[in-house]
Amino acid sequence: MSFSQIGVVGLGIMGAGIVEVFARAGYQVVGVAESGPAVDAGKSNLAKSLARAVSKGKLSQEQSDEITARVSFGEDFELLADCDLVIEAAPEILSLKVEIFSKLDAAVKPSGILATNTSSLSVTEIANATTRPEKVIGMHFFNPAPVQKFVEVISTSHSDVQVVGKIVELGNSLGKHLAQISDQPGFIVNKLLLRYLNHAVQILDAGQATKEQMDAAMRELSGYPMGPCELLDLIGIDTCVEILKTIHADTKLEIDEPAAGMVSLVSAGAKGRKSGSGFYDYSERLDAPTDPNEAIKNQVHNDLLMAYLGDCIAMEATGYASKTDIDSGMKLGCGLPTGPFEVIESIGIEKVRAGQAELAQRTGIAAYQPLPF
Ligand code: 3HC
């Protein structure tokens, strides 16, 4: 089976980004959203992203026009009937995704593959909402989708191996680096990333550092493209809270419970960039945060890094994912300059273990203890 027409349901930042990825790669794309304004927002997100590429000289106006001409938009699921693959990119709410998949199952031709871009929810439960669970798969892109080169392909116990193979082939045709993973909450990258982001807000909530100190620490001392609060704003704080709830329901660990500072921002409608404010206010252009307090930055950097590297060691040691997939995911999915195992290699695993033990002892949080292997 070859893919010629691709559907995308949900045209927020991720959905519109996925539309752009496929249209840029030469596929015909149908973008569907639940309302006229949501369709307009998707069109506008695509137009802005292409205009940015044209203004930077990365695309000619003619190429941008060709990409735009490959995409059609609408509100009706019937528009997706002939799609070979439909990717759902709706908000991270299981009941909503289940409802969408049941509608997609009725609307899309029987040979069509249905994929979810869920960040953490059970692909199996989503597949169960259809009469074709063997053709339902996870295809998890990273924000901004046209920029980040990593995609997680999530299969379930229902998945047809040929379907998985076709999706891997398709992902490669998009110029993405793929990792295959079974259906586990948070998959590879979000399981690591969200705990790190939550840890940062827990430090903030405890008054141990400011958001500027935390963001400057990770940018300046680890070379990350964004600090944790900036990244929470980019992803959407509401989305992050939902992902953490799913991870927490699985691990039951207090460190995975969404931090109060995130929950209260969401309650106040401050969801990050998409709502105009989150940890930061986006009504005007922001400079990257800096802070001269080296002692606090060093402490925060140490604590966030030790906990995160410890999680990576545990993820690999328990057979959840390979070092290569973890390193690729964090570099190509989140733009980090180095993968965690490259960092561990350079500082030494014993130092990381000692750092974890010290963090556990100082904070009294047993979950930071290194695992006994
Ligand atoms: N759409 C398309 N292209 C974009 C873009 C967007 N929204 N934002 C930036 N770009 C492109 C720019 O055009 C530019 O392209 P070029 O190199 O070809 O000129 C390139 O990205 C760099 O952009 P800028 O110079 O404007 O800005 P920065 O250098 O500050 O990079 C960033 C912006 C790419 C967002 C970078 O800060 C970054 O990688 N941040 C980390 C983002 C991250 O971690 N994402 C993963 C989050 S987890 C996730 O998405 C999973 C989900 O399930 C929660």
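Pro144 is found in the loop between strand E6 (136-140) and strand E7 (150-155), where helices (H or I, at least four residues) and strands (E, at least two) are DSSP runs numbered from the N terminus. The peptide bond that leads from Asn143 to Pro144 is cis, with omega near -5°. The model is a predicted one, in which local features need pLDDT of at least 70 and side-chain atom pairs count only at pLDDT 80 or more, while totals for chains, interfaces and linings use all residues. Residues are numbered from 1 along each chain as its sequence is written, and side-chain values use heavy atoms, with hydrogens and water left out.

Most residues other than glycine have a negative phi, and most peptide bonds are trans. Against this background, Phe187 has a positive phi of about 50° although it is not a glycine, and Lys252 likewise has a positive phi, of about 60°. Phe187 is placed in the loop between strand E8 (177-182) and helix H7 (189-205), and counts as buried because its relative accessibility is 0%, buried meaning under 20% relative accessible area, exposed over 50% and partly exposed in between (1.4 Å probe, protein chains only). Lys252, in the loop between helix H10 (237-251) and H11, is by contrast exposed, with a relative accessible area of 62%.

Asp215 lies in helix H8 (residues 211-222). Asp215 is buried yet has no salt bridge, and the nearest side chain of opposite charge, that of Arg219, is 6.5 Å away; a salt bridge is here a side-chain nitrogen of Lys or Arg within 4 Å of a carboxyl oxygen of Asp or Glu. When neighbours within four places in sequence are left aside, Asp215 is in contact (heavy atoms within 4.5 Å) with Gly227, Pro228, Cys229, Glu230, Tyr280 and Pro289.

Thr363 is placed in helix H15 (residues 349-363) and is partly exposed, with a relative accessible area of 36%.

How values were computed:
Lys and Arg count as positive and Asp and Glu as negative; His and the chain ends are not counted.
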